[in-house]
Amino acid sequence: WGAAAFVLLLPLMAMQFTAEVNWSSGDFVVAAALLGLTGLAIEGAVRSAKTPLVRVMLALAAVAMLVLVWAELAVGLFE
């Protein structure tokens with residue numbers, strides 16, 4: 001969860017130094033929701049899977065979904 005908070009702080013810090021990063025409060029809410037849901041999915045995978053391989057595969061699937069959704073929201077990758 002600390003890593004998710006750190007990822008949310010990166011654009012906030014970047015906004016202080018450059019005009020290239022311009023996030024609104026809605027952007028932070030969406031990013032927090034995506035990171036929170038991904039964290040919950042990873043925790044659920046770790047708690048429910050019986051073998052380490054299945055845990056890793058489910059966690060990687062959750063991260064892959066995060067990356068795909070983030071890319072779509074950022075640049076419309078799949079339009």
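This is a predicted model: local features need pLDDT of at least 70, side-chain atom pairs count only at pLDDT 80 or more; totals for chains, interfaces and linings use all residues.
Q: How much space lies in the largest pocket?
A: About 180 Å³.

Q: Which residues line the largest pocket?
A: The lining is made of Trp1, Ala3, Ala4, Val7, Leu35, Thr38, Gly39, Ile42, Glu43, Val63 and Leu66.

Q: Which helices supply at least two residues of that lining?
A: Helix 1 (2–17), helix 2 (25–48) and helix 3 (52–75) each do.

Q: And which helix gives the most to the largest pocket?
A: Helix 2, with five residues.

Q: What classes of residue are in the lining of the largest pocket?
A: Eight are nonpolar, two are polar and one is charged. Glu43 counts as the charged one.

Q: Moving on. How much space lies in the second largest pocket?
A: The second largest pocket holds about 150 Å³.

Q: What lines the second largest pocket?
A: Trp23, Asp27, Val30, Ala31, Leu34, Trp70, Leu73 and Ala74.

Q: Which elements give two or more residues to that lining?
A: Helix 2 and helix 3.

Q: Which of the helices gives the most to the second largest pocket?
A: Helix 2 again, with four residues. Helix 2 also gives the most to the lining of the largest pocket.

Q: How many nonpolar, polar and charged residues are in the lining of the second largest pocket?
A: Seven nonpolar, no polar and one charged.

Methods. Residues are numbered from 1 along each chain as its sequence is written. Side-chain values use heavy atoms; hydrogens and water are left out. On a 1 Å grid over the protein atoms alone, a cavity is a set of points where a 1.4 Å probe fits but cannot get out, and a pocket is an open set with protein on both sides within 12 Å along at least five of seven lines; lining residues have an atom within 4 Å of a point. Grid points are joined across faces, edges and corners, and a volume is the space filled by probe spheres set on the points.
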